[in-house]
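Here are my notes on the model you sent over. Have it open while you read.

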Amino acid sequence: MPASLSGKWEMISNVNFDNYMIALGISASLRKIAAKLTLKKKIERQEDQFIVKTTSTFRNYTVTFKVGQEFNEFTKGLDNRHLKSLVRWEGNKLICEQTGEKKNRGWAHWIEDDKLHLELFCEGQVCKQVYKNVSKTR
Ligand code: VLP
């Protein structure tokens with residue numbers, strides 16, 4: 001079993017986010033706002049189900065899925081597209097393929113050095129984000 005993705009996380013680096021957003025067709029005005037955000041993730045795992053909440057002072061986005069089970073995803077408040085998404089484990093990486101209008105779209109999450117790593121892919125662009133753990137212990 002890979003190291004747990006569960007918990008609360010706060011973004012500490014964000015590389016190539018603008019080009020990822022351009023690939024998604026996000027407007028310049030929205031990109032300007034988004035670029036300044038410190039994104040947070042709350043990842044919960046219940047049996048074979050994951051709930052991934054991305055939050056910020058501007059907008060929030062939640063996705064719920066079961067590993068290995070394709071689902072319909074609507075990226076409400078992001079690029080507002082309808083996707084067929086499928087998440088699977090590939091070694092220690094949790095990988096999502098998002099099939100729709102945009103080619104080679106998806107993301108990958110994994111733990112490395114106690115940090116949550118995220119790569120966001122779209123049409124050849126790769127945005128790399130790293131999050132530190134901010135879960136409360138006790
Ligand atoms: C859209 C780019 C501002 C930017 C415009 C809105 C909630 C993996 C996966 C689980 C994501 C999040 C992608 C966020 C950037 C989209 C930003 C509002 C933030 O996360 O953890 O959904 O795909």
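This is a predicted model: local features need pLDDT of at least 70, side-chain atom pairs count only at pLDDT 80 or more; totals for chains, interfaces and linings use all residues.

1. Residues are numbered from 1 along each chain as its sequence is written, and side-chain values use heavy atoms, with hydrogens and water left out.

2. The ligand has 19 residues around it, and the closest are Lys41, Arg59, Tyr61, Val63 and His109 (near means a heavy atom within 4 Å). By type, the shell splits into 14 nonpolar, three polar and two charged residues (Tyr counts as nonpolar, and Gly as polar).

3. Look at the ligand's oxygen atoms. One is 2.6 Å from a side-chain N or O atom of Lys41, and a polar side-chain atom of His109 lies 2.8 Å from an oxygen atom of the ligand. Of the 600 Å² of accessible area that the ligand has on its own, the protein covers 98% (Shrake-Rupley, 1.4 Å probe).

4. Now the loops. Asp114, in the loop between β8 and β9, has a positive phi of about 65 degrees although it is not a glycine. Asp114 is exposed, at 65% relative accessible area (exposed is over 50%, buried under 20%, partly exposed in between, with a 1.4 Å probe and protein chains only).

5. Glu123 also isn't a glycine, yet has a positive phi of about 50 degrees. Glu123 sits in the loop between β9 and β10 (125-133) and is partly exposed, with a relative accessible area of 37%.

Terms used
A polar contact is a pair of N or O atoms within 3.5 Å; within protein, one must be able to donate a hydrogen and the other to accept it, and residues adjacent in sequence count only if both atoms are side-chain atoms. Helices (H or I, at least four residues) and strands (E, at least two) are DSSP runs, numbered from the N terminus.
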